[in-house]
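Here's a quick tour of a model, written for someone who likes to know the cut-offs. Have a look at the structure first, then read on.

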Amino acid sequence: MRKKYFIAALILAFLLPSCGGGEEYRKTREIMGTYVTITVARGELPEMVVRGAVRDAFEEIERVDRLMSTYKPESQLSEINRQAGIAPVKVDPEVLETVRDALDVARRTDGAFDPTVGPLIRLWKIGSEEARLPTSAEIEKAKELVDYRQVVVDEPASTVYIKKKGMALDLGGIAKGYASDLAVSLLRKRGLTGGIVAVAGDIKFFGTRDGGRPWKAGIQHPRREGGLLARLEPGDAAISTSGDYERYFMKDGVRYHHIIDPATGLPARGLISVTVLSKESYLADGLSTALFVMGPVRALAFARAHPEVEALMVTSEGRVLATGRFSGMDIEAVEADN
Ligand code: ADP
Ligand code: MG
């Protein structure tokens, strides 16, 4: 976790000088187990309006965390998990929407993204002190409890139901993106003309800086702390990066990280960093996790077949794969490793 804070801070350290002059209004808070930074152009708005909007945008993100955290026993998501195999749970519209979006990404990626990875996440505990290598029997058992097709969303009744006992939803691969989408729509509604909402590596950009200048983004280099892989001007878009360098442990020279392939029950192999750019942040977030799981061959084919998403990926051999505006960009070299 600590390590992740450091990386989020580094990405922002890059954004800071690029914003220059200090005329933008910026605040950072700790939410969802990470740092959230909101930066906005002041435009012609009174200071009070700007501050109020940013405060309420943070509140949106905090609300998503309260509703959907698996670390909070009182969250609606925890209740859905406790009621697995027992009964549907009535939820707020935001939970319904995120679960629906997550299932949609799961279907579109053939289950590479699967929001029911909960039992595998609980087993590996990667990112916590108790992280350890499970036995293959444990992995097999947990894998049987992963299947997004067992989740029923009843829109008119506003309920979510997991059909099988022991199964569990985990929205860690999509909730940060969803939260930044919500925060940006609130800022827009309040009349702000430009800003950045960064929930760790899930960053949504809108409008421009004061004076109409574009926002700039830096993508974290997966093997050089503080280094950048690439820079770009995203425009009105979201960028999400999933990497194997944020939450992991090493054992016998092998890196075990937090993105799990539901097909094997093991940390996904083949890619070390995946950045997805798309209009919406929930989609960039869900797909960066999904492409990571797919591995280089399938992920590249998927990105090429979906021009609405653009991808920048690094393989474990250090090869860079790029589509859309990432292709033809200046990309830093990555040294091969494990
Ligand atoms: P981060 O949370 O570090 O920004 P991601 O967006 O890639 O990175 O999400 C990783 C999180 O998603 C994991 O911590 C876990 O909660 C969840 N997750 C892991 N593997 C999968 C998967 N195959 N499908 C959906 N969610 C996953
Ligand atoms: Mg993700």
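## A metal site and its surroundings

T289 is buried, at a relative accessible area of 15%, where buried means under 20% relative accessible area, exposed over 50% and partly exposed in between, with a 1.4 Å probe and protein chains only. D285 counts as buried too, with 4% relative accessibility.

Before going further: this is a predicted model, in which local features need pLDDT of at least 70 and side-chain atom pairs count only at pLDDT 80 or more, while totals for chains, interfaces and linings use all residues. Residues are numbered from 1 along each chain as its sequence is written, chains are lettered from A and ligands numbered from 1 in the order in which they are written, and side-chain values use heavy atoms, leaving out hydrogens and water.

So what holds the magnesium ion (ligand 2) on the protein side? Its protein donors are G173 (O), D285 (O), D285 (OD) and T289 (OG1), at 2.1 to 2.6 Å. Donors here are N, O and S atoms within 2.8 Å of the metal (3.2 Å for Na, K and Ca); water is not among the atoms, so sites may look incomplete. Along the sequence, the donor residues follow the spacing G-x111-D-x3-T. D285 and T289 both sit in helix 8, four residues apart, or about one turn of the helix.

Helices (H or I, at least four residues) and strands (E, at least two) are DSSP runs, numbered from the N terminus. Helix 8 (residues 281-305) also packs with helix 4 (residues 93-108), their axes 10 Å apart and at an angle of about 10°. Axes are lines fitted to C-alpha atoms, for helices over the stretch in contact, and angles run from 0 to 180 degrees between N-to-C directions. From helix 4, D101, V105 and R108 meet Y282, L283, G286, L287 and F302 in helix 8; contact means heavy atoms within 4.5 Å.

Then there's an open, antiparallel sheet of eight strands, ordered 1-2-6-7-10-15-16-17, where pairing takes at least two DSSP bridges between two strands.

| Helix | Strands touched or crossed | Angle |
|---|---|---|
| Helix 7 (residues 175-189) | strand 2, strand 6, strand 7 | about 20° with strand 7 |
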